[in-house]
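Good morning, and thank you for coming.

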Amino acid sequence: MQRLFGELALKIGARLDTQMAANYEFYDVAGSRVNSFDPKFGWRIQAAENLDYSLSFRGSVQTTFRTPSLDDLNTSPLTTLEWISETGAYQAVDRFGRTDLVPERAFTFNTGAVLFLQGGVEATVDYWRYDFEDVIGSMPYDSISSLYASGDAAARNAVAPFIICPGGRASELAPGDRCEAQNLQRIQIDLVNWPGLTTSGIDTHLAARTDAGPGQLSLAWDSTYTLRYDTRELRLEGTDLVLREEEEHAGFLNFAHPIAVPLPRWKSRWQAAYSWNDYRLASYVNYVSSYEDQGDDEIVPVIDPFLTWDMSFLWRAPGGVNLTVYGLNLTGRIPPWVNIEQAYDGFTHDPKGRRIKASLSWRFGS
């Protein structure tokens, strides 16, 4: 692997700071030769600054790429048990890596504003957007089984190479000897380069500090709101057969989707802390908004919001000893019910109830 990187910072006038960078990489792994040139440009404009406040605007634009991992290139299968609705049972799904996968590529940009007010108030807001191409992910096994169960003979023939029947691979059996979808034994699929996806959102931060009695009180709020997460249409390689339509995923569970995770639109955290002498007491409220199970129209399609409360207490004791006590999920909230095997969304919610933790550290020497 070879890599060249360069970076240059330029100040243009009294108010504009810029940064230019470029990265070139070349690698040869498992016979796959890839090179990529990726530039980046960042900027910051100091719009106003005086004793009362400071306002600046910032942004960046760049391209990036990610090579297939060794696991992605591994042609030995990774096997999991997945629910196959056509069989009404869990069946083995084998996912095979491929040596002809190409790197993922992305065009990204963000822009935002930073405001500081006299008295310890600060606020930031940033809009971001990522456009990915050739996203590496497995073929959707549920689409394969659905097409095999369809009455369309052409579709059934096209996906037959991925279906394992009791008598062998469906594509190697005479049409009359192929098993019905409800009798398939396993599904074997490949990792592929999906056409791509686009995602965007808004990050916000608000904080304030003020002297209060013998110490200092600080308040903060951080949040991320996902505007879009749209995947492009995926077709079976070498055919016009659509495996997945173009889909919108922001605000949905996206269960078992190969390149989309559960995506509640809004996640936020509120913090209040008071520090005095050698002590600090902090309280945190964590919030995840509701979202939908688009695959479940009959049983609780809306997944409830989830709010938890945490606290921490820090004592900086003499001799370099720090004692911290944490209280997590102090109200004992259980995660909202989701109609999947474990009954909750492990990507989004923590199933553990009320917990108390303590940590002790000791710094000695210089």
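**A walk through the model**

Apart from neighbours within four places in sequence, Arg44 is in contact with Arg15, Leu16, Asp17, Ser56, Phe57 and Arg58. Please bear in mind that this is a predicted model. Arg44 has its place in strand S3, which covers residues 32–49. Is this residue buried, exposed or partly exposed? Its relative accessibility is 35%, so Arg44 counts as partly exposed.

Let us now step back to the whole chain. The protein chain contains 3 helices and 22 strands. Its C-alpha atoms fill a box of roughly 85 × 55 × 45 Å along the principal axes. How does the radius of gyration of the chain stand against that of a compact globule? A compact globule of 366 residues would have a radius near 21 Å, whereas this chain has 26 Å. Of the 366 residues, 37% are buried. The chain exposes about 20,500 Å², and carbon and sulfur atoms supply 56% of that area. Consider also the contacts with a separation of 6 or more: 58% of them involve residues 24 or more positions apart.

The largest nonpolar core has 33 residues. Which of them touch the most other members? They are Met139, Ile144, Tyr148, Val159, Ile163 and Ile187. The elements that give two or more residues to this core are helix H2 (141–149), helix H3 (153–159), and strands S9 and S11. Strand S11 makes the largest contribution, with 5 residues. There is also a second, separate core of 5 residues, and Leu253, Tyr291, Ile303 and Ile340 are among them.

Not counting residues up to four places away in sequence, Ile187 touches Ile84, Ala92, Val93, Asp94, Tyr141, Ile144, Ser145, Phe162 and Ile163. Some of these names return when we turn to helix H2. The buried residues of H2 are Tyr141, Ser143, Ile144, Ser145, Leu147 and Tyr148. Against which elements do they pack? They pack against strand S5 (78–84), strand S6 (89–96), H3, S9, S11 and strand S14 (242–244).

We come to the cysteines. The structure holds 1 disulfide, and this bond joins Cys165 to Cys179 with an S to S distance of 2.1 Å. The pair links distant parts of the chain, 14 residues apart: Cys165 is in strand S9 (residues 163–165), and Cys179 is in the loop between strand S10 (168–169) and strand S11 (186–212). Both Cys165 and Cys179 are buried. Why is the disulfide called left-handed? The torsion about the S-S bond of Cys165 and Cys179 is about -70°, so the disulfide is left-handed.

Let me now turn to a buried residue in a strand. Ser268 is found in strand S16, residues 266–276. Its relative accessibility is 7%, and because buried means under 20%, Ser268 counts as buried. Leaving aside neighbours within four places in sequence, Ser268 is in contact with Trp221, Asp222, Ser223, Val285, Asn286 and Tyr287.

Phi of Ala256 is near 70°, a positive value in a residue other than glycine. Ala256 lies in the loop between strand S15 (247–248) and S16, and at 32% relative accessibility it counts as partly exposed. Ala343 likewise has a positive phi, near 70°, and is not a glycine. Ala343 lies in the loop between S21 and S22, and its 28% relative accessibility makes it partly exposed.

Strand S21 (residues 321–328) and S22 pair in the antiparallel sense over 8 bridges. Across the pair, Leu323 stands opposite Leu360 in S22. How many of the 8 residues in strand S22 are buried? The count is 0, and strand S22 (residues 355–362) is hardly covered.

Thank you for your attention.

Methods:
Residues are numbered from 1 along each chain as its sequence is written. This is a predicted model: local features need pLDDT of at least 70, side-chain atom pairs count only at pLDDT 80 or more; totals for chains, interfaces and linings use all residues. Side-chain values use heavy atoms; hydrogens and water are left out. A disulfide is a pair of cysteine sulfur atoms within 2.5 Å. Helices (H or I, at least four residues) and strands (E, at least two) are DSSP runs, numbered from the N terminus. Buried means under 20% relative accessible area, exposed over 50%, partly exposed in between (1.4 Å probe, protein chains only). A nonpolar core is a set of buried Ala, Val, Leu, Ile, Met, Phe, Trp, Tyr and Cys residues joined through side-chain atoms within 4.5 Å. Contact means heavy atoms within 4.5 Å. The radius of gyration is taken over C-alpha atoms; the globule rule is 2.2 Å times the number of residues to the power 0.38. Accessible areas come from the Shrake-Rupley method with a 1.4 Å probe; for residues, only the protein chains shown count as cover. Two strands pair if DSSP finds at least two bridges between them.
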